[in-house]
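Trainee: Could you show me how to read a few features of a protein model?
Mentor: Gladly, let's look together.

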Amino acid sequence: MVQRPLDLDAVLGFVRIAELGSFTRAAEAMQTTQAAVSLKLKRLEQRLGCRLVERTPRHVQLSARGADFLPHARELLQAHERALALTASTRQRLTIGISDHVAGPELPALIARMNAQDPQLLIDIRIASSGPLLQGFERREYDTVIVRTHAEPGDGELLAEETFGWFAAPGWQHRADEPLPLATLAEPCGVRALAAQRLQAAGMPWSEVFVGGGVAAVVAAVMAGLGVAALAPRMLPLGAVEVGERLGLPALPPLPVVLHTRLREGRQRQALDALGAAFRSAVRG
């Protein structure tokens, strides 16, 4: 008796659930609904004759059979992509600009997720400040940009709203008779402008003691004890200390992370959806 082949879309749904730990995030990555993903998984489980995922009110985890099936599911999807690639003469390029305040330590995992979605894509990522990235997007230098904005998302897709704080090295002390020493990104930087505006509105004197060409440089200056920086917590290494409340610094609002793209369908869009879902998962923790 010839067995029915597995539904590749259902297998993909199962892999996304396993990778992202959530039906909702899997649906976001696949540009579909949670109900549709649940139905795909149910049909796959019926086809295989076993439960692949254990559902609880708080989280999702693989069953023992699901954990066994996962590497085979990935192999099946990769074989499918290799078969499709035989008909493609050249790799499709996906050019993405990412704000320096967005491209955190999760970036390798995000790139890996896109590559897993489509190993045949040529992924081209540039890191810069949000303002220049948006200008480049308007000039069609990028297919997609992921930026931090200080206004409504407009025609972009809201990926997350991320909290900010004032951070310093452990043991760092501010001398009350001196302006607040501030480490910042080079202009133009929206976070730098926001921090300066909030300090000025609070009547707190400050002095720029370090200007970095990237967030990694600013973080290094903070951990070296040069001063304070306005940063998202996920950008900092373990040991960095939030000092805003202790120093009476003004609160910083959560800032939106917004995706702008011209891609609406096809392989590039699918890889981009996988990136967006993985980023949401990273920010939410």
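**Reading burial and helix packing**

Mentor: Ser-99 is buried, with a relative accessible area of 3%. Keep in mind that this is a predicted model.

Trainee: Why does Ser-99 count as buried?

Mentor: The general idea is a cut-off: buried means under 20% relative accessible area. Ser-99 has 3%, so Ser-99 is buried.

Trainee: Where is Ser-99 placed, and which side chain does its own side chain touch in a polar contact?

Mentor: Ser-99 is in strand β3, residues 93-99. Its side chain makes a polar contact with the side chain of Ser-130, at 3.2 Å. Leaving aside neighbours within four places in sequence, the residues in contact with Ser-99 include Ala-128, Leu-133 and Ile-146.

Trainee: Now Asp-273: is this residue buried or exposed?

Mentor: Asp-273 is buried, with a relative accessible area of 7%. Asp-273 is in helix α10, residues 266-284. Beyond its neighbours within four places in sequence, Asp-273 is in contact with Glu-28, Ala-29 and Gln-31.

Trainee: And at what angle do helices α1 and α2 cross?

Mentor: The axes of α1 (residues 8-20) and α2 (residues 23-30) cross at roughly 125 degrees and come within 8 Å. Angles of 65 to 115 degrees count as roughly perpendicular and those over 145 as roughly antiparallel. The two helices are therefore oblique to each other, and α1 passes α2 in a right-handed crossing.

Trainee: Which residues meet there?

Mentor: Among them, Leu-12, Ile-17 and Leu-20 in α1 meet residues of α2 including Phe-23, Ala-26 and Met-30. By class, this contact of α1 with α2 has 7 nonpolar, 1 polar and 3 charged residues.

Terms used:
Residues numbered from 1 in each chain as written. Predicted model: local features only at pLDDT ≥ 70, side-chain atom pairs only at ≥ 80, totals over all residues. Heavy atoms only, no water. Axes fitted to C-alpha atoms, helices over the stretch in contact; angles between N-to-C directions. Helix = DSSP H or I, 4+ residues; strand = E, 2+ residues; numbered from the N terminus. Parallel < 35°, antiparallel > 145°, perpendicular 65-115°, else oblique. Left-handed = near helix turned anticlockwise from the far one by under 90°. Contact = heavy atoms within 4.5 Å. Nonpolar A, V, L, I, M, F, W, Y, C, P; charged D, E, K, R; others polar. Buried < 20%, exposed > 50% of the residue type's maximum accessible area, 1.4 Å probe, protein only. Polar contact = N/O pair within 3.5 Å; in protein donor to acceptor, adjacent residues only side chain to side chain.
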